[in-house]
Amino acid sequence: MELQIIDQNYSLSLYGVSGIAVNRTFAPTGMKLMGEMWEKIQAHKLKNKGINVWVYEANEHLFTGVEMEEVPPPGTGLEPKEVSLKKYAYYKLIGPYSKIPAAYEEIRTAIKRQALNTCFPWLEVYGHWTPDESKLETEIFICLV
């Protein structure tokens, strides 16, 4: 595993939908929120960059969003979210989404080994979809204190 520790600003301006992953049900909650988000984007024909971003926050709060080509007009039902990381752990997973939980275990171990402290938010940035699961890309960003 090649985990990078980056001490440089990373920020995103997103629009999307948020909710609570009750009992840490992040994957099903995220899929539901992402479906709601894309329905709103398509219903309003909003131009976007097409990259899904999941933002994990304290107390099981989850936000799913995308960067837009322009600020959506009022009434779309999309929430704005500014995300900024000053220092973070970064890992890029190439392969099926089913490998994400194992990647997190390795990331946590590497962070602990380096005696680093985490904070929120944590991000997953999903590359463009491809039916070949071996080519799927997921970037993981974990806020560090």
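**A disulfide, a sheet and a pocket**

Author: In this predicted model, a disulfide ties Cys119 to Cys143, with the two sulfur atoms 2.2 Å apart.

Reader: What makes the link between Cys119 and Cys143 count as a disulfide?

Author: The cut-off is 2.5 Å between cysteine sulfurs. At 2.2 Å the pair falls within that limit, so it qualifies. The structure holds one such link.

Reader: Which parts of the chain does the pair connect?

Author: Distant ones: Cys119 belongs to strand β7 and Cys143 to strand β8, 24 residues apart.

Reader: And is the link of Cys119 and Cys143 left-handed or right-handed?

Author: Left-handed, with -65° about the S-S bond.

Reader: What else turns up in β7, say around Pro121?

Author: Pro121 sits in that strand, and the peptide bond joining Phe120 to Pro121 is cis, with omega at about 10°. For background, most peptide bonds are trans.

Reader: What stands out about the phi of Asn23?

Author: Asn23 isn't a glycine, yet its phi is positive, about 55°. You'll find Asn23 in the loop between β2 and α1.

Reader: On to the sheet. In what order do its strands run?

Author: There are eight, in the order β1-β6-β8-β7-β3-β4-β2-β5, with antiparallel pairing, and the sheet is open.

Reader: Why do β1 and β5 count as edges?

Author: Because β1 (4-6) and β5 (79-85) each have a single partner strand, one side of each has no neighbour in the sheet.

Reader: What lines the largest pocket?

Author: 28 residues do, with Trp54, Tyr56, Ile100, Glu124 and Tyr126 nearest its centre. At least two lining residues come from each of α1 (26-43), β3 (53-57), α2 (100-113) and β7 (118-126). α2 gives the most, five residues.

Reader: How much space lies in the largest pocket, and how do its lining residues divide by type?

Author: About 750 Å³ of space. The lining splits into 16 nonpolar, six polar and six charged residues. Watch the bookkeeping here: Trp and Tyr are counted as nonpolar and Glu as charged.

Notes. Residues numbered from 1 in each chain as written. Predicted model: local features only at pLDDT ≥ 70, side-chain atom pairs only at ≥ 80, totals over all residues. Heavy atoms only, no water. 1 Å grid on protein atoms, 1.4 Å probe; cavity = no way out; pocket = protein on both sides within 12 Å on 5 of 7 lines; lining within 4 Å. Points joined across faces, edges and corners; volume = space filled by probe spheres on them. Helix = DSSP H or I, 4+ residues; strand = E, 2+ residues; numbered from the N terminus. Pairing = 2+ DSSP bridges.
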